[in-house]
Amino acid sequence: MQIQNMTIEHYLRLLKTREPAPGGGAVCGLSASQGVALLLMVLDLSIGKKTYMEWEEENLIAQEKLSEIFEKLLLKAEEDRSVFLELSKAYSLPNITDEDREKKENVLSDCSIDAASVPMSVLILINDAVRVGKTLIGKTSKLAISDIGVAAQELISAARSAWLNIKINAAYIREANIAQKFLVDGMQLVKSIENVANEMYVDVEGRI
């Protein structure tokens, strides 16, 4: 069963076992999905309301952008599980002869590129989401403004989690230039996300 189709209880009970997946990568994808879902909830409470009609068109555009991001993020937990299962198989390859070791390192490197690519794509989506989320402050339901702050924190957590997954997989990528690009690009995205999301949180807190 794909992760997005599991009940919450089923997912959590599976998460706490020794099964190779779901793990941190799946948690990262679902955390990001929850953050974006909260932003969409705020929009749903605001669109069509007379009080916020001044920003109706802007909010509708934000809703469309965030809905697209949400649908993509929702699939990332399962995508992460799929690539990690392949990585787990690579760890169990024979490691006896020099030829075995060379083959294993090459397979591990290829699988690690795939495993780092998923959290990198999550970071890109989060980066887009926080920029849209920031525009909602002051233009959406005042009763739900705290949820924008919660979303900001959820997205920061997901971004930092994605970074850890990138970093641990980059260590097994044999091509130094590819590994370095993952690390540089990943760190830049995390810092960018943190800056925007922290501004969101501070702004929200100041309005409550």
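Tutor: Here is a walk from the overall fold to the pockets, and then to a pair of rings.

This is a predicted model, in which local features need pLDDT of at least 70 and side-chain atom pairs count only at pLDDT 80 or more, while totals for chains, interfaces and linings use all residues. Residues are numbered from 1 along each chain as its sequence is written, and side-chain values use heavy atoms, with hydrogens and water left out.

The protein has seven helices and zero strands; helices (H or I, at least four residues) and strands (E, at least two) are DSSP runs, numbered from the N terminus. Along its principal axes, the C-alpha trace spans about 70 × 35 × 25 Å. Of the 208 residues, 44% are buried, where buried means under 20% relative accessible area, exposed over 50%, and partly exposed in between (1.4 Å probe, protein chains only).

Now for the pockets. Rolling a probe the size of a water molecule over the atoms shows where empty space is left. On a 1 Å grid over the protein atoms alone, a pocket is an open set of points where a 1.4 Å probe fits, with protein on both sides within 12 Å along at least five of seven lines; lining residues have an atom within 4 Å of a point. Grid points are joined across faces, edges and corners, and a volume is the space filled by probe spheres set on the points.

The largest pocket has a volume of about 330 Å³. It is lined by 16 residues, and the closest to its centre are Ile8, Tyr11, Leu30, Ser31 and Gln34. Helices H1 (8-15), H2 (24-46) and H3 (56-74) each supply at least two lining residues, and H2 gives the largest share, with six. Sorted by class, this lining holds eleven nonpolar, five polar and no charged residues. Here Ala, Val, Leu, Ile, Met, Phe, Trp, Tyr, Cys and Pro count as nonpolar, Asp, Glu, Lys and Arg as charged, and the others, Gly among them, as polar.

The second largest pocket holds about 210 Å³ of space. Of its 15 lining residues, Phe84, Leu87, Asn165, Ile168 and Asn169 are the closest to the centre. H2, H4 and H6 are the elements that give two or more residues to this lining, with the largest share, five residues, coming from H4. Its classes are nine nonpolar, five polar and one charged.

H4 also brings us to the rings. A search of the whole structure finds one aromatic pair. Tyrosine 91 and tyrosine 172 form this pair, which is edge-to-face, at 6.2 Å centre to centre and 85 degrees between the planes. Tyrosine 91 lies in H4 (residues 76-91) and tyrosine 172 in the loop between H6 (145-170) and H7 (176-207), so the pair ties together parts that are 81 residues apart in sequence. As for the cut-offs, rings of Phe, Tyr and Trp (its six-membered ring) pair if their centres lie within 6.5 Å; planes under 30 degrees apart count as stacked, over 60 as edge-to-face and the rest as tilted. Tyrosine 91 is partly exposed, at 37% relative accessible area, and tyrosine 172 is partly exposed too, at 40%.
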